[in-house]
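Colleague: I'm new to this one. Can you walk me through it?

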Amino acid sequence: MRFETEQDLIREKKAIELFVSIFNGSYQKLDPNDIDFKVFDEKKELVAYAEVKGRIRPMSKAYPLPLSAKKLIKLVDKRIRPMIIWCCEDGIIYGRATELYGEVRFGGRPAREGSFNDDEIMAYYNKQKSLKYIRFN
């Protein structure tokens, strides 16, 4: 069962559009059972894969940044510049998965009826030099 709302998808699109605007790139949405996006440079060459996670709070209160270990493995298995983007209320926090240090533990959110992925192994990232920030205009 999918739990993404229309607001989640709007937030995801806003984040990826801000991210690719840094380098005049573009993106392609992937299958719902895959990670979120393929990312292309201005020459339309594949330069990265990206997973976008919503954080419904300001960047200053977004830590630790969570990501499902399953999603992290799928993302890194793509091998081409695996980027994680957390979309906060006031901007994005992003970094290359292979350059981040985090803590892995059982976590997630309280289980929802019909969900198999709410309680799971999660990666949590604290502030670090490898993370970058961009505010929304």
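Modeller: Here is a short tour, from the overall layout down to single side chains.

Colleague: What kind of model is it, and how are residues numbered?
Modeller: This is a predicted model: local features need pLDDT of at least 70, side-chain atom pairs count only at pLDDT 80 or more, and totals for chains, interfaces and linings use all residues. Residues are numbered from 1 along each chain as its sequence is written, and side-chain values use heavy atoms, with hydrogens and water left out.

Colleague: How many helices and strands are in the chain?
Modeller: Two helices and nine strands. Both are DSSP runs numbered from the N terminus: helices are H or I with at least four residues, strands are E with at least two. Along the sequence the pattern reads α-β-β-β-β-α-β-β-β-β-β.

Colleague: How much of the chain counts as buried?
Modeller: 43% of the 137 residues. Buried means under 20% relative accessible area, exposed means over 50%, and partly exposed is in between (1.4 Å probe, protein chains only).

Colleague: And the accessible surface, what does that come to?
Modeller: About 8400 Å², with 51% of it belonging to carbon and sulfur atoms. These areas come from the Shrake-Rupley method with a 1.4 Å probe; for residues, only the protein chains shown count as cover.

Colleague: What share of contacts joins residues 24 or more positions apart?
Modeller: 54% of the contacts with a separation of 6 or more. A contact means heavy atoms within 4.5 Å.

Colleague: Let's look at helix α1. What span should it have?
Modeller: It covers residues 6–21, which is 16 residues, so at 1.5 Å a residue it should span 22 Å. The expected span is 1.5 Å times one less than the number of residues. The end C-alpha atoms of α1 are 23 Å apart, which agrees.

Colleague: Which residues of α1 are buried?
Modeller: E12, A15, I16, L18, F19 and V20. Their cover includes strands β1 (26–29), β2 (37–40), β3 (46–54), β5 (82–87), β6 (91–96) and β9 (132–135).

Colleague: Is E17 buried or partly exposed?
Modeller: E17 is partly exposed, at 37% relative accessible area. K13 is partly exposed too, at 45%.

Colleague: How many salt bridges are there in the whole structure?
Modeller: Ten. One of them joins E99 and R96, at 3.9 Å between the closest N and O atoms. E12, K29 and D36 are linked in a network of salt bridges.

Colleague: Last one. Which residues make the nonpolar surface patch?
Modeller: V104, F106 and I121, over about 320 Å². Patches are made of residues with over 30% relative accessible area and no salt bridge; like charges are joined within 9 Å, nonpolar side chains (Val, Leu, Ile, Met, Phe, Trp, Tyr) within 5 Å. F106 sits in strand β7 (residues 103–108) and counts as exposed at 56% relative accessibility.

Methods:
Salt bridge = Lys/Arg side-chain N within 4 Å of Asp/Glu carboxyl O.
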